[in-house]
Amino acid sequence: QMTNHIIEDCPKATESCTFKHVGCSFQGSKNNLADHLAKSLEDHLQLACQLLSDLEKKESSKECSLFSNPVGSGYGELIWRVSNFNKKVARIRTGRGDDPVCSEPFYTSAFGYKISCWAYLNGRGREEGRSVSVYACVMYGEYDAVLKWPIRPRYTFALMDQNPDVEDRREIVRVRKVNDFKRDDVRRKGIDRPKRDERAIIVGFDDFVGHDELETGTYLADDSFFIRVLVDITEN
């Protein structure tokens with residue numbers, strides 16, 4: 001009975017403010033609480049408004065992160081760091097590593113085309129064993145249903161120079177368009193909307209950069225190199 005008296009009936013029992021969930025730290029007896037509530041309407045309203053403002057900012061931040069480009073410095077651009085180059089090539093040549101390596105996908109705009117890049121570190125085709133082969137492809141994306149198809153992407157691949165002296169940096173830049181593609185249907189029409197399980201059409205260079213040039217210049221540092229990829233989309 002004494003416990004019930006303290007919890008339910010005693011006017012001197014300590015209680016927290018009913019607005020504690022918005023930040024009010026008041027604690028006091030029931031009598032003092034009633035007086036506090038009567039005198040603190042404006043304070044409680046201000047606390048509630050501040051909480052609402054904070055929640056709106058948090059939701060806005062979530063929306064921005066949802067539509068931000070996952071990789072790279074901007075839409076339509078990827079800066080891709082390929083690490084442990086020599087170690088990976090050695091493993092590939094002994095059959096213990098996988099070739100190609102793939103970048104994280106990126107988008108051409110907030111609701112645009114989804115792109116990914118591939119690199120065969122030990123080369124592909126006739127360039128196997130002597131070059132790094134680099135390609136890009138249009139992937140199945142979230143917004144494909146509302147985009148225009150077919151498209152004719154233009155890819156600019158740049159091997160970034162890591163020379164500490166910025167003035168002496170010289171990037172290796174190569175451009176590939178769908179017009180250069182060997183398949184007549186793709187060259188004439190462009191790239192159609194990809195299907196989820198369809199094999200991607202890759203566009204790029206078997207001989208993007210030779211191993212000797214990569215090793216002797218300042219493109220490779222700490223066994224890592226950087227490739228910048230720019231994508232320009234032209235609708236048919």
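A salt bridge here is a side-chain nitrogen of Lys or Arg within 4 Å of a carboxyl oxygen of Asp or Glu. Keep that in mind for the first stops.

You're looking at a predicted model, where local features need pLDDT of at least 70 and side-chain atom pairs count only at pLDDT 80 or more, while totals for chains, interfaces and linings use all residues. Residues are numbered from 1 along each chain as its sequence is written, and side-chain values use heavy atoms, with hydrogens and water left out.

**Stop 1: the charged pairs**

Side chains of opposite charge can pair when their charged atoms come close. By the rule above, there are 6 salt bridges to find. Start by selecting Asp192 and Lys189, whose side chains meet at 2.8 Å, N to O. Asp192 has a relative accessible area of 35%, and Lys189 has 43%. Both values fall in the partly exposed class, because buried means under 20% relative accessible area, exposed over 50%, and partly exposed in between (1.4 Å probe, protein chains only).

Next, pick Glu171 and Arg228: this salt bridge has its closest N and O atoms 3.5 Å apart. Glu171 sits in the loop between strand 8 (151-159) and strand 9 (172-177), while Arg228 is in strand 11 (residues 225-235), so the partners are 57 residues apart in the chain. (Helices are DSSP runs of H or I with at least four residues, strands are runs of E with at least two, and both are numbered from the N terminus.) Glu171 is partly exposed at 37%, as is Arg228 at 22%.

**Stop 2: Arg124**

Now select Arg124 and Asp206, a salt bridge with its closest N and O atoms 3.7 Å apart. Arg124 lies in the loop between strand 6 (114-120) and strand 7 (131-139) and Asp206 in strand 10 (residues 202-210), so the pair ties together parts that are 82 residues apart in sequence. Arg124 is partly exposed, at 32% relative accessibility.

Stay on Arg124 and show Tyr135: the charged end of Arg124 sits over that ring, 5.2 Å from its centre. The cut-offs for this are NZ of Lys or CZ of Arg within 6 Å of the ring centre and within 35 degrees of the ring normal.

**Stop 3: helix 4 and the core**

Go to helix 4 (85-93) and select its buried residues, Phe85, Val89 and Ile92. They cover an arc of only 60 degrees around the axis (taken from the directions from the helix axis to the C-beta atoms), so they are on the same side of helix 4. Just after the helix, look for Gly95, which takes a positive phi of about 80 degrees.

Then select Leu121. Its contacts (heavy atoms within 4.5 Å) include Phe85, Val89, Ile92 and Phe225, not counting residues up to four places away in sequence.

**Stop 4: the rings**

How many aromatic pairs does the structure hold? There are 8, counting rings of Phe, Tyr and Trp (its six-membered ring) with centres within 6.5 Å; planes under 30 degrees apart are stacked, over 60 edge-to-face and the rest tilted. Phe85 and Phe225 are edge-to-face, at 5.7 Å centre to centre and 75 degrees between the planes. Both are buried.

Finish with Tyr155 and Phe157, a tilted pair at 6.1 Å and 35 degrees. Show Phe205 and Phe208 as well, and you'll have one aromatic cluster made of Tyr155, Phe157, Phe205 and Phe208.
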